[in-house]
Amino acid sequence: MPMAGVGTWQYNRLGVTHIDTALVYENQMSVGKAIADSGVDRSKLFIVSKVMGGTNFSATTDAVNLCLEQLGLEYVDLMFMHFPSDAEGKGGPEMRKLSWTALEVLHKAGKARAIGVSHYCKRQMEDVLEIATVKPAVNQVEFHLGMGTTSDEGNDYRAFDKENGILYQSFSPLCGPCGPKAHMELIAGEVVTGIGAKYNKTGAQVSLKWIVQQGIPVIPKSDNPKHILANMDLFDWELSAEDMATLTAKTYPPVSGGGDGKTSGDCGIP
């Protein structure tokens, strides 16, 4: 998996080869057209999609096939279970297991080169690991600057994923859904811009670099071509140990998913 890509949660234009979309984003036909129109060889693209969790075997299978149809592709490079439950928060351990079993079958049929999960906490991951013949390759969760010292329930048990050989990936690495104040703190805040000035980098680049320097892939979202390019410029420079420590110690913005500034909200999903 590339260490940096572009998310398509709120837009339909593409600018890099690692593309992250989902069935619920309702933009996959546009993404598919952009892929077809790009002229880029399919083997050079890393396409990611997601289907809702907490559904039975047949519903999961149908959802994956719909993703491929909308994207106009024979396979995706990575298919996620988007949540531990369905859109209404229903599902539970047994449905998670059925969903995962369906993903395994589709993976073995060549429709998804890798399979993973998103928004999964330790308990939900254990449900899958209990029956998995193919271990989740990735867990995609909220992680951004300000969460360096958060609890296990804040970072969805990052350490547990590492112990089990599951790649931990950051969505919303610039905290876009967290609100304007939090988002701007990671782009134009005093700490990130001050550190960025030393490296001739932007505040956003510093926020993203803090994540990828820990070995965590990121998928920032932007519809500005200049910002997309800047968000990929993360790999020919390094933050000093002192700057990394300063950034890790930041506690704002906190995790936003649970609404309390302490938890992701994922661990409470049945």
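In which hand, left or right, does α8 cross α11? In this predicted model, α8 passes α11 in a left-handed crossing.

The protein chain has a mean pLDDT of 92, and 94% of its residues reach 70 or more. Residues 8–14 are a stretch where pLDDT stays under 50. For residues 8–14 the model has 22 contacts beyond four places in sequence.

Two packed helices are described by the angle between their axes and the distance between the axes. For α8 and helix α11 (residues 241–248), the angle is about 165 degrees and the axes lie 11 Å apart. Angles over 145 degrees count as roughly antiparallel, and α8 and α11 are therefore roughly antiparallel to each other. On the α8 side, the contact is made by Val191, Val192, Ile195, Lys198 and Tyr199, which meet Asp243, Thr246 and Leu247 of α11. The residues of this contact between α8 and α11 comprise five nonpolar, one polar and two charged.

Helix α8 (residues 190–199) also packs with helix α9 (residues 203–212), at an angle of about 90 degrees and with the axes 8 Å apart. The helices α8 and α9 are therefore roughly perpendicular to each other. Here Val192, Thr193, Ile195 and Gly196 of α8 meet Gly203, Val206 and Ser207 of α9. Three nonpolar and four polar residues make up the contact of α8 with α9, with no charged residue. Val192 and Ile195 of α8 take part in the contact with α9 and also in that with α11.

Technical notes. Residues are numbered from 1 along each chain as its sequence is written. This is a predicted model: local features need pLDDT of at least 70, side-chain atom pairs count only at pLDDT 80 or more; totals for chains, interfaces and linings use all residues. Side-chain values use heavy atoms; hydrogens and water are left out. pLDDT is the predictor's confidence in each residue, from 0 to 100. Contact means heavy atoms within 4.5 Å. Axes are lines fitted to C-alpha atoms, for helices over the stretch in contact, and angles run from 0 to 180 degrees between N-to-C directions. Helices (H or I, at least four residues) and strands (E, at least two) are DSSP runs, numbered from the N terminus. Angles under 35 degrees count as roughly parallel, over 145 as roughly antiparallel, 65 to 115 as roughly perpendicular and the rest as oblique. Ala, Val, Leu, Ile, Met, Phe, Trp, Tyr, Cys and Pro count as nonpolar, Asp, Glu, Lys and Arg as charged, and the others, Gly among them, as polar. A crossing is left-handed if the near helix is turned anticlockwise from the far one by less than a right angle, and right-handed if clockwise.
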